[in-house]
Amino acid sequence: MNLKHTTAGLALAAGLSALGGAAAAQDCTTKIGAVLPTSVDWGRPIAETAQFAVDQVNAAGGAAGCQIEMVLRDTQVDPKVGVDAAKALVDLEGVKVLLGAVSSGVSMPILTSVTVPAGVMQMSCCSSSTAFTTLAEEGKDNDLWFRTFATTGVQSAMGAKVAQDQGYGSVAVLYKNDDWGQDMARLIAADLEAVGVEVTGTVAINDAQPSYRAEVTEALGGNPDALYLALYPVEGTSVVREWLSLGGTQNMIVANALKSDEFRENVGMQYLGNVLGTDTASPRSESADAFRAAYQERFGSEPNGPGLANSYDATMIALLAMEAAGPDADGAAIAAAVPRVTDPEGTPVPADTAGFEMAKGILAEGGTVLYQGATGNVRFDANGDVSAPAVIWAFTEDGVDEREYLSLDDVDAFIAGLK
Amino acid sequence: MIGLISYLVFFTTVASILAIAVMGLNLHWGFTGLFNGGVVASFGAGAYATLILGGTPQAGHLGGYGWPWPLALAGGLVAAGVLAWIVGVLTLRLRRDYLAIATFGVAVTFENVMRNAQGLAGGAQGVRGFERPLQDVIGTGLSYNVFFLAVTLAALILTYVVLERLVRSPFGRLLRAIREDEEAARALGKSPTRVRLTSFVFGSVVIGLAGGLYGTFYAFVSPQDVLPILTFQIWAMLIVGGAGNNRGAVAGTFLIWGAWTASGWALARFAPVEAQLYTGSVQFILIGLVIVGMLLWRPEGLFPERLAPASKTADDRGKLEPGSVT
């Protein structure tokens, strides 16, 4: 009711009274907000994937008794613009759930100055900064913050495992110079040392440089056995081209951000035979296959690209939590319902329309479900962080191929062994 | 309705903060003719210093001195001023586009230092852990935003009054004289270098004030806040509003920032679902068109500079003109 009043009031205020009161009780619409960098090349697919999840839920009859409308706003990767968009979604559209943002530098001010004060649940697909964990430990997030991007710890530990398994004696690290990359570089250096691999150098890669020759030369100087890359596809392509042209080794370990067709095609498969990548894993269940199949049907390509599976899971979990919290729930109630849909003891549900329908039935009877998503059996800890099973993959002619799967227990055991 | 009020309070706060920065730039460009391409450096210095001085202790980087907010904010102004003085001494001999390139470089350097110096300001993660002043008394909701809006408006009015007095004073006339013809001003026995430096530092302190308020309002600042886009936005606001007119500077800020946010809102609301993904790009085009249109059809801005009334100027001139003495 509240929502509809806000909508009607707004429409009037904007001089567009025709829009008000159009929604009848039967086919009501609940709005959720999304603030994502749609004006950036890799941001748009993340938004598309979120909308895809919303469409699937609507095909299952919507969440909490209503159809879901995702109101999407662009952040332009500008904190001012992102915070303003979030504030407008919360105040003007009355959303109780906010998806986003991607950059931690945008998500953080949204969290501290919009969602926490307003009591709105915020679920990010891709913000990786360790600052969120600290904030949650201080209790400043009011338990409204979640992210489906597994902590960088899993990635770096798996990177170290690959180096160890391949018998590399020394590794140079090249990282994207942002909060994610800086975290990755710090963690991977520590993890590599822990498994006895020498780190010959860590070099920052700034975005959008025409050439990375200086950086690559610096990394080459240590004459490493292998290269570790925590980069995005555009910079990753330039860096690897220069690296190879200067005679660098083809032994590479890459983080999940390079699991992209763009990178594979632009560098060329003939140079990528010795590349091993890490990622958080798809679960050993039908749901992951269902996601891949459904994604392929919708977009005509494999879901390869930074944050796509995470974005899908963020949206699905948010909507499942809305369903579990029931109609007219506020942000805190929805956030509190997240454990009911990610319960390890709950009934497993796949990530698609049928799965959502199934979850609806179980939740209506007061049961709990275990959402099996595109990134695995997502489980949040007290700080809203996820850990996940991991996979080690390699590039092939037409995509990527899985080499090794590590269950959540394997991952935890390996990380414990590093300490 | 409460949502609309809440949003308008928020919008006005952000716009007012930006308006202060635009007035600072107006002192540089509008009154003194200094082509400052590094607005974000002053803005960032104000924001970073305020948060570092006034924040709670954070592992891994400088800061957490927990100074009372007015002192921390003053520290932000000092930081912006000191930075501007150093930059000014080094670069103000440059003219027009050369000065713009040099100051732009300073701003990019500032962003890169903040991004990489993890021990200084948290690197790419930025500075957080700042307790907004009086938040525990007022609470975090709408009431706090109303309180902070009052603080911001007070700062905006204060800045406006001080700058208006300044530019109407003899010093203000000197600024305009240097802007129009530096040689002539020198011939009258003035020292353009010193006056330019004074104007540069003072304008930068004003921009630093905006940065300090911005950091306080979001309780967070990161290198993403000091990207060159902010310089561009502030320039757009000044050009549209009218360089050389403080009222224009404020109006231009509200107009451009309003257009920036409203276009995003309107596109999200009314564009067809298939087009939703492209609204971000469409928005950039729209904003660009507004600025190009302004430059083509009203290059002096919405509120062109108004020189002092003719009679008063005539009086002043009457006293000074050699002819009248004889």
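This is a predicted model: local features need pLDDT of at least 70, side-chain atom pairs count only at pLDDT 80 or more; totals for chains, interfaces and linings use all residues.
Chain A brings 43 residues to the contact, and chain B brings 36 residues. On the chain B side, two or more residues each come from α1 (2-32), α4 (96-116), α10 (192-218), α12 (246-270) and α13 (279-297) of chain B. Among these, α1(B) supplies the largest share, six residues. In terms of residue class, the side of chain B that touches chain A is made up of 16 nonpolar, 17 polar and three charged residues.

Helix α1(B) deserves a look of its own. Its 31 residues span 43 Å from the first C-alpha to the last, close to the 45 Å expected at 1.5 Å a residue. Just beyond the end of α1(B) comes B:Gly33, whose phi is positive at about 80°.

Turning to chain A, seven strands build an open sheet in the order β7-β6-β8-β9-β10-β16-β17, and the pairing is mixed. The edges are taken by β7 (198-205) and β17 (399-406) of chain A; each has a single partner strand, so one side of each lacks a neighbour in the sheet. From one strand to the next, the twist averages 25°. Helix α6 (residues 152-166) of chain A lies across several strands, including β6 (170-176), β8 (226-230) and β10 (275-280) of chain A, and it runs at about 150° to β10(A).

A second open sheet in chain A has three strands, ordered β11-β12-β13, again with mixed pairing. Here β11 (347-350) and β13 (376-377) of chain A are the edge strands; each pairs with a single strand, so one side of each has no neighbour in the sheet. Strand β12 (residues 369-373) of chain A runs antiparallel to β13(A), and two bridges join them. One of the residues involved is A:Gly373, whose bridge partner in β13(A) is A:Gly376. Packed on this sheet is helix α14 (residues 353-364) of chain A, which touches β11 and β12 of chain A and makes an angle of about 150° with the direction of β11(A).

Some loops of chain A hold backbone geometry worth checking by eye. Most residues other than glycine have a negative phi, and most peptide bonds are trans. Against that background, the bond joining A:Gly100 and A:Ala101 is cis, with omega at about -5°. A:Ala101 sits in the loop between β3 (97-100) and α4 (104-118) of chain A. A:Gln76, in the loop between β2 (67-74) and α3 (79-91) of chain A, has a positive phi near 55°. A:Gln76 counts as buried because 23 other C-beta atoms lie within 10 Å. A:Asp143 also has a positive phi, of about 60°, without being a glycine, and belongs to the loop between α5 (131-137) and β5 (145-147) of chain A. With 16 other C-beta atoms within 10 Å, A:Asp143 is partly exposed.

Technical notes: Residues are numbered from 1 along each chain as its sequence is written. Chains are lettered from A and ligands numbered from 1 in the order in which they are written. Two residues are in contact if their C-beta atoms, placed from the backbone, lie within 7 Å. Helices (H or I, at least four residues) and strands (E, at least two) are DSSP runs, numbered from the N terminus. Ala, Val, Leu, Ile, Met, Phe, Trp, Tyr, Cys and Pro count as nonpolar, Asp, Glu, Lys and Arg as charged, and the others, Gly among them, as polar. The expected span of a helix is 1.5 Å times one less than its number of residues. Two strands pair if DSSP finds at least two bridges between them. Axes are lines fitted to C-alpha atoms, for helices over the stretch in contact, and angles run from 0 to 180 degrees between N-to-C directions. A residue is buried if 20 or more other C-beta atoms lie within 10 Å of its own, exposed if 12 or fewer, and partly exposed in between; C-beta atoms are placed from the backbone.
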